[in-house]
Amino acid sequence: MRAPLARLVLALLVAAATLLPAPTAGAATERYPVPASGEWAVDGRGWGHGRGMSQWGAKGAAEAGLTHAQILDFYYPGTTLSALGSFPGTTANPTIGVGLTSLGLLRTTTVTLWTPAGQGSVRVEVVGGAGVTLGAGRLTVTRSGDDFTVVHAATGARHTLTGAAVRVSTADGVVVARSSTTGTWYRGSVRLADVSSGDDAFDVVNDVPLEEYLRGVVPQEMPASWSAQAVRAQAVAARSYMLAEGRRTARYDTCDTTACQVYGGRATVDTDGRVITPREHALSDDAIRVTAGQVRTYGSAVALTQFSSTNGGWSVAGGASTPYLVSRADPYTGTAAGDTRTVWSTTLSATTAARYCPSGQTLSALLVTGRDGNGALGGRITGLSVECSGGVHAVPRASWSLGMLSPWWRPQDPPHTFYLSTTFSSTADIVFDAGYGDDAALVGDWDGDGTDTVALRRGSTFLVRNSNDAGPPDVTFTYGRADDVVLVGDWDGDGVDTLAVRRGGEYHVKNSVTSGVADVVVRYGRADDEVHVGDWDGDGVDTLTVRREAVYYVKNSLEGGPADVEVRYGRPDDVVLTGDWDGDGDDTLAVRRANVYYLANALEGGAADVVVSYGRATDTVLVGDWDADGDDTLGVHRRP
């Protein structure tokens, strides 16, 4: 294929006029009847609550060159980077108490602990009082009334300690049993804190210095192998969030699950205290060390730096007390290599929705009664109901996700249809369904076999299929930003079409169908120029042309500088396509007026060489070599 950019630009121009409008805030209720299949195909955005930092966005920002401080500046506007201990009420590395919720050890009456490998003894003492030193091995602790009873498994010795709390410690942390054969090794000490006087229940709490606590948090919340600046941003956000969150009790400061933030301790170990699975990582340890003591502050207080996996491309505002948690478009989320959570598709079973119908009633439809209007699909759901045989019933706010990754979803529209003609006639030779909703179509020879095929773009995610038929993509990858103008061309003459993104007069060219950074960055023309791509001189390499009114400034190399050829063709208000219409190896121009196409076989002014009608005036037109015969012909992308 030799003229992919014009095809895409044209597709985008026509799509802007023909797409069905997405729901917006205050729009009428969307009604989705139960499908005959019993499930809806669903398009969604984001994972989690979407407030504060988007972790996938932080990765994308780091890949774009931002530092951890700049990432945090973006996601928490109005906050500043401060050092613990430099403002009132803080110390540099405070000890915090973590309630071990994940092990089911809040309000327990018994716990089993043991020593890590290499530890010769363990100390058990009343907090602020007397205690005993025991040999290495396994301990079981129970509580009755005001007494803690400690049983040493190796010797059978029993010790009773009376007090509101008991501390268990070794020189290198303590293991808390997860099962009869495995345990979690925690840094610091373990405190058993009485829930209430005379009650046998107690909470199991890990008391650990903040910086060591973070070593068990950061790699659980973000892969340590991600870009270093993103992991550093995560370290600062996790440190700040822990200090600012409001989940403290009389016995502990935070928990170890997603209700607070995930804390995995040091490692999973066996009954001899030997490591089975590390929970810390050298790369995240480095991020914590480099940012030691750094927090985000707002005024004189540590900011509540909430974060989630991905905000889907638009963040969610916090409350009045957190004005730095803002609602706005996020240019970084959706750009990171490997991001499969910002834009997603799944199915929603009617059975799931039917649970919100009263007993004995059947579900007839889903009703989306409100959206926030931010971003794709009309934005996040702000009202959801089910239409049942006995009437309409509201779905509680906490359930608007209906078990999916976020409440930002929408049942898919009917599929789009593609009609491709391998000759210049009014009849389609290839017809298939692919894509839905706001999907944009791109055309390219993605595998170098000589046949152009249709790929779909969803935000910054590209789904490439190497044959023109229905079916799953052969390649899925991300590139650029969701709001970039995308170009397609064979930029290096290897016979394979790849992507470039345009930002103003700058072009970021990728020479493989993969995620990652651009291979070439070039400037050409003005930011407001209309741009087309083609192999204008038949050398096998696609380059750029800019259009101003009806004049085309053709460049025969992928670089800046003056045009090599200037040509005038058509009218200033024509929609323009480019392609190799006669198979001679050179791309030339065509103009579209409604559903009539005027094709020129030479890069010069004058009358058209071929005039053909195809499709409808409202169709999005595509150009490609659909049968590998060397000639580009027409196709249309028709939305329902």
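The model is predicted: local features need pLDDT of at least 70, side-chain atom pairs count only at pLDDT 80 or more, and totals for chains, interfaces and linings use all residues. Residues are numbered from 1 along each chain as its sequence is written, and side-chain values use heavy atoms, with hydrogens and water left out. The structure holds 30 salt bridges. A salt bridge here is a side-chain nitrogen of Lys or Arg within 4 Å of a carboxyl oxygen of Asp or Glu.

**Helix α2**

- Helices (H or I, at least four residues) and strands (E, at least two) are DSSP runs, numbered from the N terminus.
- Eight of the nine residues of α2 are buried, so the helix is largely enclosed by the rest of the structure.
- Buried means under 20% relative accessible area, exposed means over 50%, and partly exposed lies in between (1.4 Å probe, protein chains only).
- The buried set is Gln 55, Trp 56, Gly 57, Ala 58, Lys 59, Gly 60, Ala 61 and Ala 62.
- These buried residues pack against β3 (53-54), α3 (68-75), α5 (218-221), α6 (228-244) and β22 (307-308).
- Contact means heavy atoms within 4.5 Å.
- Gly 65 follows α2 and has a positive phi, near 105°.

- Glu 63 forms a salt bridge with Lys 59, with the closest N and O atoms 2.8 Å apart.
- Both residues lie in α2 (residues 55-63), four residues apart, about one turn of the helix.
- Glu 63 counts as partly exposed at 30% relative accessibility.
- Lys 59 counts as buried at 8%.

**Salt bridges between separate segments**

- Arg 187 forms a salt bridge with Glu 280, and the closest N and O atoms are 2.8 Å apart.
- This pair links distant parts of the chain, 93 residues apart. Arg 187 sits in the loop between β14 (182-186) and β15 (189-194), and Glu 280 in the loop between β19 (275-278) and α7 (282-290).
- Arg 187 is buried, with a relative accessible area of 12%. Glu 280 is also buried, at 15%.
- Asp 619 forms a salt bridge with Arg 638, the closest N and O atoms being 2.8 Å apart.
- Asp 619 lies in the loop between β45 (610-613) and β46, and Arg 638 in strand β47, so the pair ties together parts that are 19 residues apart in sequence.
- Asp 619 and Arg 638 are both buried.
- Salt bridges that share partners join Arg 187, Arg 215, Glu 280 and Asp 285 into one network.

**Negative surface patch**

- Asp 537, Asp 539, Glu 559 and Asp 564 form a negative surface patch.
- Patches are made of residues with over 30% relative accessible area and no salt bridge: like charges are joined within 9 Å, nonpolar side chains (Val, Leu, Ile, Met, Phe, Trp, Tyr) within 5 Å.
- Asp 537 lies in the loop between β38 (530-534) and β39 (543-548). Its relative accessible area is 37%, so Asp 537 is partly exposed.

- Asp 625 is found in the loop between β46 (620-624) and β47 (633-638). Asp 625 is buried, with a relative accessible area of 6%.
- Not counting residues up to four places away in sequence, Asp 625 touches Gly 450, Thr 451, Asp 452, Gly 630, Asp 631 and Asp 632.
- Val 521 is in strand β37 (residues 520-523). At 48% relative accessibility, Val 521 counts as partly exposed.
- Leaving aside neighbours within four places in sequence, Val 521 is in contact with Glu 506, Tyr 507 and His 508.

Key. Areas by Shrake-Rupley, 256 points an atom, 1.4 Å probe, with all protein chains shown as cover. Lys, Arg positive; Asp, Glu negative; His and termini not counted. Charge placed at Lys NZ, Arg CZ, Asp CG, Glu CD.
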